[in-house]
Amino acid sequence: MRIATWNVNSLAVRVPRVLKWLEIARPDVLCLQETKLSDEQFPRTQFAALGYDAAAYGAGQWNGVALLSRVGLSDVQRGFAGEPGFPEVEARAIAARCGDVRVWSVYVPNGRTVGSPHFAYKLSWLNALREAAASEAHVTSQLAICGDFNVAPNDDDVWDPAAFVGSTHVTTEERSAVAALVDLGLVDLRPRAFKGEPFTYWDYRAGNFHKGLGMRIDLVLISSALATRVTDAYVDRDTRKGKLPSDHAAVVVDIDLSGADGASPAG
DNA sequence: ATGTCGTGGACGCCACGA
């Protein structure tokens, strides 16, 4: 099974790129973030033409998450119990059963600046996500939580830790909140490095992409039992190139589910 | 380091968010 996650920074603008990429990479499941589309606006027929079912959760303009799957899409859940808002709950999490894996697509609040109300919201949102994930039946066997976490888990997940002192995405509080989620029995899959860099996001400004000034903030947290079956994990940097890219690249993970517990006979 | 994009409202620019 190939699972991918991609913050597309407006799906309305990115549909042509996403369609093209689906044909090239052929993921079984694609987790999308920052669709910025209402459910009514979601271009599901264009994805259906490529064999993908879609489940979308969005209010338009900001945020918005979705799941595309060509291996089944059932038990769709929008948001989660205990999810905090700002002050209203935002469209930041959607889950579904895809094949035999419970897949979440999440867009963690940015946090803006350390100590701001948005920062407190980010931490409480991550804590609530952990609580919700802990109640998932298959947390240690068949679960993948994918998306834009807006947290770089380790110092080498940013181009220069010294440049981030005092910034969001790297604080002990944010990293601890992600670590607590991982500690439920998940693995933070580290994609293959490119020239030593594992980055998934590069600011549009200042030519950061071409200078290699990126961050690894798009994560695939996967059940430890599934992690042992991962055959490859990489950042598709081509998705960040060319005209009108998102500022995030797609992250791709391949899992060999043959013979896995709960796997369907067809694989 | 703050150079670029995206959104939408009142416009051919500005404020805001990332």
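The largest nonpolar core has 73 residues, and Ile3, Ala66, Leu67, Val103 and Ala144 touch the most other members. Such a core is a set of buried Ala, Val, Leu, Ile, Met, Phe, Trp, Tyr and Cys residues joined through C-beta atoms within 7 Å, where buried means that 20 or more other C-beta atoms lie within 10 Å of the residue's own, with C-beta atoms placed from the backbone. Helix H3, spanning residues 117-134, gives the most to this core, namely six residues. Helices here are DSSP runs of H or I with at least four residues, strands are E runs of at least two, and both are numbered from the N terminus.

The model is a predicted one: local features need pLDDT of at least 70, side-chain atom pairs count only at pLDDT 80 or more, and totals for chains, interfaces and linings use all residues. Residues are numbered from 1 along each chain as its sequence is written, while chains are lettered from A and ligands numbered from 1 in the order in which they are written.

Then there is the sheet. Six strands form an open sheet with mixed pairing, in the order E3-E4-E2-E1-E12-E11; two strands pair if DSSP finds at least two bridges between them. Strands E3 (53-57) and E11 (230-236) stand at the edges with a single partner strand each, so one side of each is left without a neighbour in the sheet. Further in, E1 (residues 2-7) and E12 (residues 250-255) run antiparallel and are joined by four bridges. Ile3 turns up again here, with Val253 in E12 as its bridge partner.

Key
Buried ≥ 20, exposed ≤ 12 C-beta atoms within 10 Å, placed from the backbone.
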